[in-house]
Amino acid sequence: MPEVQSSSRAPRHRARSVAVHAVLIAGSVVMLGPFLWELVTALKPFSETTQLPPTLLPHHWQLSNFTTVFRSLPFGRMFLNTVLMTVGRTVCQVAFSAMAGYAFARMRFRGSAVLFALFLSVLMVPGLVFLIPQYLIIEQLGWLNTLQGLIVPMMCSAFGTFMMRQFFMSLPTDIEEAARLDGANPWQVFWRVVLPLARPGLLALTILTVLSSWNDLMYPLIVNTDPQKMTLSAGLASLQGEHFTDYSVLMAGSLMATAPMIVIFVLLQRHFIQSIAFSGGK
Amino acid sequence: MTPFAAQRTAGQPARAGSRRGRRPSRNHGWGWAYLMIAPTTIGLSVFYLWPIAQTLYYSFTSSGPFGGHTWTGLANYQALGGDPSVGQSVLNTLLYTGIQLAAIPFALLVAALLNQPGLRGRSVYRVIFFLPVVTMPVAVAMLWRWMYQGDYGLVNYLLSLVGIHGPHWASDPDYALYSVAAIGIWMSFGYNLVIFLAGLQGIPAEYYEAARVDGAGPVRTFLRITVPLVSPNIFFVTVLTVINSLQMFDIAYMMMSTPGSAAGTANPALPRVRSISYLFFEKAFVEHDTGFGAAVAFVLVAFVVLVTVIQFRLQKRWVHYA
């Protein structure tokens with residue numbers, strides 16, 4: 001509703017604006033508060049976490065909880081495993097989805113309708129239907145507790161293929177036709193002409209894939225049970241078992257596992273939010 | 001990521017088919033197309049399409065610990081009926097889903113507040129509300145478990161300031177599911193908010209001006225203009241919430257499990273929180289009962305299909321596409 005110009009209504013307008021901000025600030029406290037509590041707890045000695053009333057700011061600041069995490073878990077390895085898994089899955093999913101999405105959007109070939117319908121059916125099925133056979137395949141390949149076991153089944157994505165197809169269909173075809181008339185073959189058109197134009201779509205899929213890989217729990221929990229080969233999410237789950245009373249260490253661990261996503265999000269927040277809105281239809 | 005696309009598929013088939021320009025590659029052979037879809041076709045066939053058939057087959061078999069499989073017909077499905085934890089898991093999952101749905105209107109209300117013209121700090125609020133969406137569910141569940149802690153937790157401390165003695169939120173069977181559901185709301189609120197905000201920003205300002213000229217108050221304007229015009233977004237968020245909630249696992253697993261501790265010391269609230277996915281995980285990968293686990297997976301499939309079909313049937317009555 002536009003700004004009210006008349007001076008007689010201004011106070012009412014201001015009162016409403018204050019009320020709106022009050023609601024939004026209260027909501028922000030609920031959203032941010034837990035993270036601040038996590039940070040505060042991570043900086044406290046263990047004894048202070050069981051103190052009543054709780055100290056809002058630590059009396060004794062300490063960073064040793066963060067080093068304790070590294071002693072309780074191969075945290076560095078887990079971090080590296082998670083980064084490699086996320087990069088591997090994301091690079092492959094974005095590349096393969098873009099290729100397949102482009103083919104489905106622009107090329108005609110026998111069987112395309114049937115294949116596309118089959119891919120779509122994968123989207124309807126809950127993830128755990130795939131898990132038992134995926135586990136058995138990985139086991140038979142001897143890939144339990146390996147990096148490729150974490151990456152290979154998630155190199156392709158029905159969701160990504162669909163999303164990229166939708167994106168390519170929204171692009172105008174003129175430039176592609178011009179390139180083709182100049183003698184470019186379909187791969188050159190795709191690689192030199194289309195991909196540079198598709199940057200927003202590729203970025204959106206990249207962000208969504210990075211998020212879901214970094215946060216994935218059930219699959220890594222099942223296929224990599226050796227702590228040296230675990231991802232952060234599975235590793236944190238095990239940390240909770242061994243130290244489930246020492247919340248200052250737990251909070252330090254979960255803070256470190258979450259921090260990279262938070263930093264990337266804050267740096268790229270406009271793109272993150274656009275990707276989500278993009279995934280949600282127009 | 002499955003659910004996002006599930007909606008786009010059914011929600012926007014028209015857009016996909018309507019664009020019939022000349023397709024640049026028509027005159028080239030099929031070779032390029034097959035090369036470009038090859039990785040995805042192979043990957044999805046091996047790791048997704050074939051597994052659907054296999055899991056269906058396993059659900060009719062009994063097995064040793066991932067050994068051979070013997071055909072047992074409907075035995076697993078009959079056993080589902082005799083296992084009280086199955087019915088309880090279904091109830092838990094449905095209750096959890098219902099609570100997530102009940103929170104959707106609040107996200108729409110906050111989005112409407114954020115969408116007011118001239119509001120200062122909109123993007124800051126949006127970032128703050130969105131922060132839980134990008135954080136690892138395992139870490140989030142751990143954080144909330146600490147806040148829910150009965151004796152030293154933040155929640156009970158805050159309640160004690162107003163004279164309330166709170167329960168052990170994460171381990172009291174009467175409260176644990178609601179505690180888990182609150183985390184789910186906290187984590188998905190920002191996502192729903194962003195979807196709604198995108199929808200609200202597409203509503204032309206003239207509609208609101210016309211309503212103001214006609215003397216409609218804010219409540220009436222919200223119900224008569226805002227809600228119908230964002231109904232496609234409400235529908236999307238609803239479908240997505242249902243599909244995600246029916247598959248809830250991470251938070252329940254983190255709230256209930258104590259992996260390092262001895263068996264038998266599980267959280268006493270587990271039976272009242274165990275979701276269908278959690279039951280699947282236990283049966284298939286802790287007890288190694290593949291056949292029963294596969295049957296549980298198809299119980300979930302049945303629910304997802306059923307609820308999604310109902311939602312798409314109902315959408316004709318209340319969703320308005322411009």
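In which helix of chain B is Asn156(B) found?

A: Happy to! Please keep in mind that this is a predicted model. Asn156(B) sits in helix 8 of chain B, which covers residues 154–161. Its relative accessibility is 7%, and because the cut-off for buried is under 20%, Asn156(B) counts as buried.

Now for the partners of Asn156(B). Its side chain makes a polar contact with the side chain of Trp169(B), at 2.7 Å. If we set aside the neighbours within four places in sequence, the residues in contact with Asn156(B) are Gln149(B), Gly150(B), Ile164(B), Gly166(B), Pro167(B) and Trp169(B).

Stepping back to the whole chain, the secondary structure of chain B amounts to 16 helices and 2 strands. Chain B has 322 residues, and 55% of them count as buried, with Asn156(B) being one of the buried residues. Taking the contacts in chain B between residues at least 6 apart in sequence, 72% join residues at least 24 apart.

Next comes the contact with the other chain. Chain B brings 105 residues to it and chain A brings 116 residues. About 11100 Å² is buried between the two chains, and carbon and sulfur atoms give 75% of that area. On the side of chain B, the residues that lose the most area to chain A are Met36(B), Phe47(B) and Trp146(B), and together they make up 8% of what that side buries. Helix 3 of chain B (residues 31–58) supplies the largest share of the side that touches chain A, with 20 residues. Sorted by class, this side of chain B holds 69 nonpolar, 24 polar and 12 charged residues.

As for specific pairs between the chains, the count of salt bridges between chain B and chain A is 0. There are 10 residue pairs in polar contact between chain B and chain A, counting pairs with both residues at pLDDT 80 or more.

Finally, a word on the partner chain. The domain assignment of chain A gives domain 1 (13–64) and domain 2 (74–238), and the C-alpha centres of these two domains of chain A lie 38 Å apart.

Definitions and conventions. Residues are numbered from 1 along each chain as its sequence is written. Chains are lettered from A and ligands numbered from 1 in the order in which they are written. This is a predicted model: local features need pLDDT of at least 70, side-chain atom pairs count only at pLDDT 80 or more; totals for chains, interfaces and linings use all residues. Side-chain values use heavy atoms; hydrogens and water are left out. Contact means heavy atoms within 4.5 Å. Buried area is the accessible area (1.4 Å probe) that two parts lose on being put together, summed over both. A salt bridge is a side-chain nitrogen of Lys or Arg within 4 Å of a carboxyl oxygen of Asp or Glu. A polar contact is a pair of N or O atoms within 3.5 Å; within protein, one must be able to donate a hydrogen and the other to accept it, and residues adjacent in sequence count only if both atoms are side-chain atoms. Helices (H or I, at least four residues) and strands (E, at least two) are DSSP runs, numbered from the N terminus. Ala, Val, Leu, Ile, Met, Phe, Trp, Tyr, Cys and Pro count as nonpolar, Asp, Glu, Lys and Arg as charged, and the others, Gly among them, as polar. Domain bounds come from an automatic or database domain assignment. Buried means under 20% relative accessible area, exposed over 50%, partly exposed in between (1.4 Å probe, protein chains only).
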